[in-house]
Amino acid sequence: MHVIRHTDPDAFLAAAAPMAARGQASASFFTGWAHAMKRTPPAAGERVYLATCSSGASCGAAIQRDEGPAIIGQSDVAAAIAFADDLARDCAGLQGVVGALPATEAFARRWHQLTGRTHRLRVRLRQHALDTVNEVPTAPGTPRTATEADAEWLIEGQ
C-alpha cells in the first residue's frame, strides 16, 4: 500500500472519505481534527501527520500532531502496517497508537520490527451510539427567583 501524506486538511478529508463511511464515531474524530487544524494551524516546525492509503477494498487514515499518538481509527490492518512503515522514517519516538484493536496490534507489531521498541495495551475504548431517547418527566412546580428567605436552605444544600 502507498501512503499519501496531506498538507491540506480539506484534501485529507476528501481522501479519508472511505473511512468516514465506516462509522460516525470514526468519521467525527478525523473530521474534528482536520477542522481544528484549519482553525488553529500548526506553529512553524510543529509536526503534523495527515495521511491516507488505499488499495482495492483496503483503506486507512491516520493523524498525528506534535508529540501525540498516531490515530488510525478503523483503518484496515494493511493500512496500519503501511502507516507504521511511513512514520518510522521520521518519527521513531512515537509514543502511542490509537484505533481499532486489530489495526493497532498490527501497527505495534510492525513498529517493533522497525524500531525494536516494545508495546503494551494501556487503554481499551469503546464507541457507543445513542439511538433512542426516553421522555423525561416534567418536574412538579414552577420556576421562581430565589429570595433572601431561601438563603439558609441554599447554603445547607452545599
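This is a predicted model: local features need pLDDT of at least 70, side-chain atom pairs count only at pLDDT 80 or more; totals for chains, interfaces and linings use all residues.

User: Is Cys59 buried or exposed?
Analyst: Buried, at 8% relative accessible area. Cys91 is buried too, at 10%. The cut-offs on relative accessible area are under 20% for buried, over 50% for exposed and in between for partly exposed, with a 1.4 Å probe and protein chains only.

User: New topic. How many residues are in the largest nonpolar core?
Analyst: It has 18 residues. A nonpolar core is a set of buried Ala, Val, Leu, Ile, Met, Phe, Trp, Tyr and Cys residues joined through side-chain atoms within 4.5 Å. Those with the most contacts inside it are Val3, Tyr49, Ile72, Phe83, Leu87, Leu94 and Phe107.

User: Which elements give two or more residues to this core?
Analyst: β2, β4, α4 (77–88) and α5. The most comes from α4, with six residues. Helices (H or I, at least four residues) and strands (E, at least two) are DSSP runs, numbered from the N terminus.

User: What does Phe83 touch?
Analyst: Leaving out residues up to four places away in sequence, its contacts include Val3, Tyr49, Ala51, Cys53, Ile72 and Phe107. Contact means heavy atoms within 4.5 Å.

User: What lies apart from that core?
Analyst: Another core, of twelve residues. Phe12, Ala16, Met19 and Phe30 are among them.

User: Let's take helix α3. Which of its residues are buried?
Analyst: Ser26, Ala27, Phe30, Ala34 and Met37. They cover an arc of only 100° around the axis, so they sit on the same side of α3. That arc is taken from the directions from the helix axis to the C-beta atoms.

User: Which residues are exposed on the other side of α3?
Analyst: Gln24 and Arg39 are exposed there.

User: What covers the buried residues of α3?
Analyst: The cover includes α1 (9–15), α2 (17–20), β2 (48–55), β3 (58–65) and β4 (70–73).

User: What span should α3 have?
Analyst: Its 16 residues, 24–39, should span 22 Å at 1.5 Å a residue. The end C-alpha atoms are 22 Å apart, which agrees. The expected span is 1.5 Å times one less than the number of residues.

User: How far does α5 reach?
Analyst: Its 15 residues reach 20 Å from first C-alpha to last, close to the 21 Å expected. Ala103, Thr104, Ala106, Phe107, Ala108 and Trp111 are buried in α5. Their cover includes β4, α4 and β5 (97–99).

User: What follows α5?
Analyst: Gly116, with a positive phi near 80°.

User: Which residue has a positive phi although it is not a glycine?
Analyst: Asp66, at about 55°. Most residues other than glycine have a negative phi. Asp66 is in the loop between β3 and β4, and is partly exposed at 36%.

User: Now the histidines. Where is His6?
Analyst: His6 lies in strand β1, residues 3–6. His6 is buried, at 15%. Its side chain makes a polar contact with the side chain of Thr52, at 2.7 Å. A polar contact is a pair of N or O atoms within 3.5 Å; within protein, one must be able to donate a hydrogen and the other to accept it, and residues adjacent in sequence count only if both atoms are side-chain atoms.

User: And where is His2?
Analyst: In the segment before β1. His2 is exposed, at 59%. Setting aside neighbours within four places in sequence, His2 is in contact with Thr52, Cys53 and Ser54.

User: How many residues apart in sequence are His2 and Phe83?
Analyst: They are 81 residues apart in sequence and 9.2 Å apart in space, C-alpha to C-alpha.

Notes
Residues are numbered from 1 along each chain as its sequence is written. Side-chain values use heavy atoms; hydrogens and water are left out.
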